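This briefing goes through the fold of one protein chain, topic by topic. The sequence and the structure come first.

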Amino acid sequence: QVQLVESGGGLVQAGGSLELSCAASGGSMYAMGWFRQAPGKEREFVSSISWGGTTTIYADSVKGRVTISRVNVKSTMYLQMNSLKPEDTAVYYCAASRRSPYASSQSSDFDSWGQGTQVTVSS
């Protein structure tokens with residue numbers, strides 16, 4: 001089994017930046033992605049990256065403000081977030097697939113999930 005641990009969340013002012021990290025251990029990881037869930041809301045897709053890192057996809061709500069990347073030799077994925085808005089406030093979850101190398105926006109395509117890290121953006 002793959003274990004995923006997120007870090008880097010915190011409290012920032014609107015317009016600020018944060019970088020989230022996801023460290024993987026316990027097995028190989030293929031495609032990876034980020035999802036988020038705000039209180040009273042459903043979990044939604046944020047971004048995903050292919051196994052080789054050459055293909056990335058972004059939700060319309062964050063496109064142009066966030067960048068996903070990975071360093072496979074470190075077994076770590078990152079989400080750089082800029083120009084943050086109060087509506088970005090949520091628990092952010094790292095996800096990984098052990099069956100597909102391709103980036104995906106569908107939560108059902110991912111097998112392993114982290115515990116989440118809180119991001120709060122104040123106005």
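C22 and C94 are joined by a disulfide, with an S to S distance of 1.9 Å; a disulfide here is a pair of cysteine sulfur atoms within 2.5 Å. The model is a predicted one, in which local features need pLDDT of at least 70 and side-chain atom pairs count only at pLDDT 80 or more, while totals for chains, interfaces and linings use all residues. Residues are numbered from 1 along each chain as its sequence is written, and side-chain values use heavy atoms, with hydrogens and water left out.

**Disulfide**

- By the distance rule, the count of disulfides comes to one.
- The bond links distant parts of the chain, since C22 lies in strand β3 and C94 in strand β9 (residues 90-96), 72 residues apart.
- The torsion about the S-S bond of C22 and C94 is about -70°, so the disulfide is left-handed.
- C22 is buried, with a relative accessible area of 0%; buried means under 20% relative accessible area, exposed over 50%, and partly exposed in between, with a 1.4 Å probe and protein chains only.
- C94 also counts as buried, at 0% relative accessibility.

**Overall make-up**

- The protein has 11 strands and zero helices; both are DSSP runs numbered from the N terminus, helices being H or I of at least four residues and strands E of at least two.
- The radius of gyration is 13 Å, close to the 14 Å that the globule rule gives for 123 residues, so the protein is as compact as a globular protein of that length. The radius is taken over C-alpha atoms, and the globule rule is 2.2 Å times the number of residues to the power 0.38.
- Along its principal axes, the C-alpha trace spans about 40 × 25 × 25 Å.
- Of the 123 residues, 41% count as buried.
- Among contacts between residues at least 6 apart in sequence, 61% join residues at least 24 apart; contact means heavy atoms within 4.5 Å.

**The four-stranded sheet**

- Four strands form an open antiparallel sheet in the order β1-β3-β8-β7; two strands pair if DSSP finds at least two bridges between them.
- At the edges are β1 (3-7) and β7 (66-71), each of which pairs on one side only.
- Inside this sheet, β3 (residues 18-25) and β8 (residues 76-81) run antiparallel and are joined by six bridges.
- Across that pairing, E19 stands opposite Q80.

**Strand β5 and its partners**

- Five of the six residues of β5 (residues 44-49) are buried, so this strand is largely enclosed by the rest of the structure.
- Strand β4 (residues 32-37) runs antiparallel to β5 and is joined to it by five bridges, with G33 opposite S48.
- The hairpin of β4 and β5 has six residues between the strands, and G40 in the turn has a positive phi of about 75°.
- β5 also pairs with β6 (residues 56-58), in the antiparallel sense, over three bridges; here the bridge partner of S48 is I57.
- The hairpin of β5 and β6 has six residues between the strands, and G53 takes a positive phi near 80°.

**T117**

- T117 lies in strand β11 (residues 117-122) and is buried, with a relative accessible area of 12%.
- The T117 side chain reaches the backbone nitrogen of G9 at 3.2 Å.
- Leaving aside neighbours within four places in sequence, T117 is in contact with E6, S7, G8, G9, L20, A90, V91 and Y92.

Terms used: A polar contact is a pair of N or O atoms within 3.5 Å; within protein, one must be able to donate a hydrogen and the other to accept it, and residues adjacent in sequence count only if both atoms are side-chain atoms.
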